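Reader: I have a model open and a few things to ask. Can we go through it piece by piece?

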Amino acid sequence: MYHLITINQKDKWTWYVRNSAEHDFYHTWYYHSMDQSGEPFLFIYEENENYIAFPLLNRKIEDSGFSDFTSVYGYTGPISNRKFEQLEDSFMENFKRSFLSFLKSKESISVFSRLHPLLQQNFLLEKFGGVYQNGKTISIDLTVPIEHQRLKYRRTTYDDIKRSWRRGFIAKETKEPEDIQIFKEIYIENMKRVGASDYYLFTDQYFHDMVNADEFDCILVLVFDGTEAICGSITTFTDGIAECHLTATRTKYLWASPSKFLIDEISQIGRKYGMKHYHLGGGYGFKEDSLFDWKLGFSDLMLNYNSWRYITDEARYNTLVQKSGVDQNIDIDFFPLYRYSQTLNSLK
C-alpha cells in the first residue's frame, strides 16, 4: 500500500527520512519547505517494516488539466530503511506497480528526479527505465587520514593551499546574521561575474534559512585575509555526507585561490562532524569543464551522476511538446521537453 505525506505533516515526513538507511539534507522536510516551485509531497510505499520514500514536487502544467512531478534543486531521489542494493526484487517490483498506479490516478504526464551520486538508487529506478547518465561528480574520502587525503591533491592545488597558510588566511565557522549577509554579497557578486541567471540569485531569507536549518547541520565557513572576508561556503553535514552547497569568492581575491584553502579547511571540519564523504559536485551542467577539472585537483574519486526521466503518458507528452512549439528532435539535454521554452524564458 502507498500513501502520501504532505508538507503540512512535518513530523511524519521527518520520521521516514531519519529512519532511512541513507539520506542527505535534500530529502528533508525543511529543505522541501523552502521550495516554491511546486507542492512538495513524500510518496511512501510500505510492506511490513520496510518502506521506500520518494520526495517530489507536484507542478501543474499550464493550459492543461494535467501535472508532472519533479525534484528540488540538488541530489534527491528515493530513500529506504534499507540500502537499495539489499532490497529484494519482489519488493522493488511491488513498489513499481504501486508508484505507476499512483501516477495514473494523478494524471501525471512525466516524472523527473535528480539522483544522488552516493546512493545506489539505480537498483530501484532501473526497474522503470528512464535512468539517464548526466555526467560525473567529485567527492573527497574523509575516512582516510588527512595526510593521505592531501596526497591526492594536484601539486598546483596543494601549492596554493600552502601559500594561503603562509599568507595567514584563517577559516571561521559561523551562523552570525552579519556574516551570512557578507557571504550573500560575495555570492551574488560571484554569480553575476560568471553570468548566472536570476534563478541562482537567492533571496536573503534563503541564506539565513539554510544556515539556521533545524533538521540538518549547516554552517557558513568564511575565509578571512585579516579582517576582510574573501570567500566562503554554505556547507551541510547530514548522515555522513558533507555537501558543498554554495561557494563563492570575491573577484579581487581570485588571484590568491582562497577557495582551495577553504575546501581543505572544510574537509577537516567534516571529520570533526563525523562525515565520511565531502561531496564537491560536478562541473557546470555536469560537464567535464574547467570547474570539474578544478575539483579534480582535490580528489580522483569520481561518481556517476544520474537523473530519472520517466514519461507516464507518451501520447499526451508528445501533444504537450508539439503545443509548446519545441522540436522533438532538438539536440538539447532537457526534460520534460514541453517545459523547455518556459524554463528558458525564466532563466533570461
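Reader: How many bridges join strand S6 to S13?
Author: This is a predicted model, where local features need pLDDT of at least 70, side-chain atom pairs count only at pLDDT 80 or more, and totals for chains, interfaces and linings use all residues. Residues are numbered from 1 along each chain as its sequence is written, and side-chain values use heavy atoms, with hydrogens and water left out. S6 (residues 108–114) and S13 are joined by 5 bridges and run antiparallel. Strands are DSSP runs of E, at least two residues, and helices are runs of H or I, at least four, numbered from the N terminus. Two strands pair if DSSP finds at least two bridges between them.

Reader: And how many bridges join S7 to S13?
Author: S7 (residues 131–141) has 7 bridges to S13, also antiparallel.

Reader: Which residue in S13 is the bridge partner of Tyr132?
Author: Ser307. Arg114 stands opposite Ser307 as well.

Reader: Why is S13 called largely enclosed?
Author: Because 7 of the 10 residues of S13 (residues 302–311) are buried, meaning under 20% relative accessible area with a 1.4 Å probe, protein chains only.

Reader: Switching to Phe261. Buried or exposed?
Author: Phe261 is buried, with a relative accessible area of 2%. Phe261 lies in helix H9 (residues 258–272).

Reader: What does Phe261 touch?
Author: Leaving out residues up to four places away in sequence, Phe261 touches Ile161, Ser164, Trp165, Phe169, Ile170, Ala171 and Val223. Contact means heavy atoms within 4.5 Å.

Reader: Where does Cys231 sit relative to Phe261?
Author: Their C-alpha atoms are separated by 9.9 Å, and the two are 30 residues apart along the chain.

Notes:
Buried < 20%, exposed > 50% of the residue type's maximum accessible area, 1.4 Å probe, protein only.
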